[in-house]
Amino acid sequence: MIYLSAVLEIILIDPEKRKRAIKCSECGLSYSAKDYKVLYDNKKLIFFKFKFPNRKTYKTFCHSCIVEYIHENFPFDKELPIKIITTKYEYVCKLYHSDGSDDTFGLSDTDLFK
Ligand SMILES: [Zn+2]
């Protein structure tokens, strides 16, 4: 059963704290912790952790797969409110889905990259 009365939470994997290599569970994209930090600092890549509200284990996703994954599992028309949790802040923002590739990130809040 899909339970959506709560806002979905996705956790940003902090490149400052990451020590091990990291891999997207969907597309297999993988980087060392050092490379992830470089890509993150250059605003190219963010990895997230996400779990279903009723499950215990997290899966790791790159920023493009997380949008697809949530869209597949929690179908929404245009936008879906989500919460992004970082080590310092929590952002409530909206997830957009589009088939065009202009908006590759698919998130309304680009302040994440501050
Ligand atoms: Zn991926």
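Colleague: Where is the place of F74?

Modeller: F74 lies in the loop between α2 and β6; helices (H or I, at least four residues) and strands (E, at least two) are DSSP runs, numbered from the N terminus. Please note that this is a predicted model: local features need pLDDT of at least 70, side-chain atom pairs count only at pLDDT 80 or more, and totals for chains, interfaces and linings use all residues. Residues are numbered from 1 along each chain as its sequence is written.

Colleague: Why is F74 classed as partly exposed?

Modeller: A residue is buried if 20 or more other C-beta atoms, placed from the backbone, lie within 10 Å of its own, exposed if 12 or fewer, and partly exposed in between. F74 has 15 other C-beta atoms within 10 Å, so F74 is partly exposed.

Colleague: In what order do the five strands of the open sheet stand?

Modeller: Two strands pair if DSSP finds at least two bridges between them. Here the order is β5-β4-β1-β6-β7, with mixed pairing. β5 (59-62) and β7 (90-96) are at the edges with a single partner strand each, so one side of each has no neighbour in the sheet.

Colleague: How many bridges join β4 to β5?

Modeller: Four bridges join β4 (residues 47-50) to β5, and the two run antiparallel. F50 has K59 of β5 as its bridge partner, while F47 stands opposite C62.

Colleague: How many bridges join β1 to β4?

Modeller: Three bridges link these antiparallel strands, β1 and β4; L12 has F48 in β4 as its bridge partner.
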